[in-house]
Amino acid sequence: MTFAESQALACTAAQAADDKKADDTIILGVGELLSITEYFVVASASNRRLVRTIVDAIEDAVRAGHGRSPLRVEGITEQQWVLVDYGDVVVHVFTDEMRAYYEIERLYRDVPRVDWRV
């Protein structure tokens, strides 16, 4: 994937999460720091059912817009922190409580944020 394609996929995922009422959706450009991926998309939801709804919407939007399915999905059974791995983009969908606990934005506070809103 090219850099532009990776960023477009991350933006598609962020928009899909936002469309399903995810809270505080952000894209972190982690490519300079991590060699395994270019972007993290981070979003949260008030309950587990909404976490699942958001993950499903992201997968549908990325499949429709980019023709890609995740390489793997972890945490779908628990629905508290679901990781959707596309290789170049990793999506994290948390419950609000889990996001506050892990503070992923604090861990990556020095990486650039991507403005994904149209």
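Guide: Let us start with charge: Lys and Arg count as positive and Asp and Glu as negative, while His and the chain ends are not counted. The place of a charge is taken as NZ of Lys, CZ of Arg, CG of Asp or CD of Glu. This is a predicted model, in which local features need pLDDT of at least 70 and side-chain atom pairs count only at pLDDT 80 or more, whereas totals for chains, interfaces and linings use all residues. Residues are numbered from 1 along each chain as its sequence is written, and side-chain values use heavy atoms, with hydrogens and water left out.

Visitor: How far apart are the mean positions of the positive and negative charges of the protein?
Guide: The protein carries 13 positive and 20 negative charges.

Visitor: Is S44 buried or exposed?
Guide: Buried means under 20% relative accessible area, exposed over 50%, and partly exposed in between, using a 1.4 Å probe and protein chains only. Because S44 has a relative accessibility of 4%, S44 counts as buried.

Visitor: With which side chain does the side chain of S44 make a polar contact of 3.1 Å?
Guide: A polar contact is a pair of N or O atoms within 3.5 Å; within protein, one must be able to donate a hydrogen and the other to accept it, and residues adjacent in sequence count only if both atoms are side-chain atoms. The side chain of S44 has such a contact with the side chain of D96, at 3.2 Å, although S44 and D96 are 52 residues apart in sequence. The polar contact of 3.1 Å joins the side chain of S44 to that of R99.
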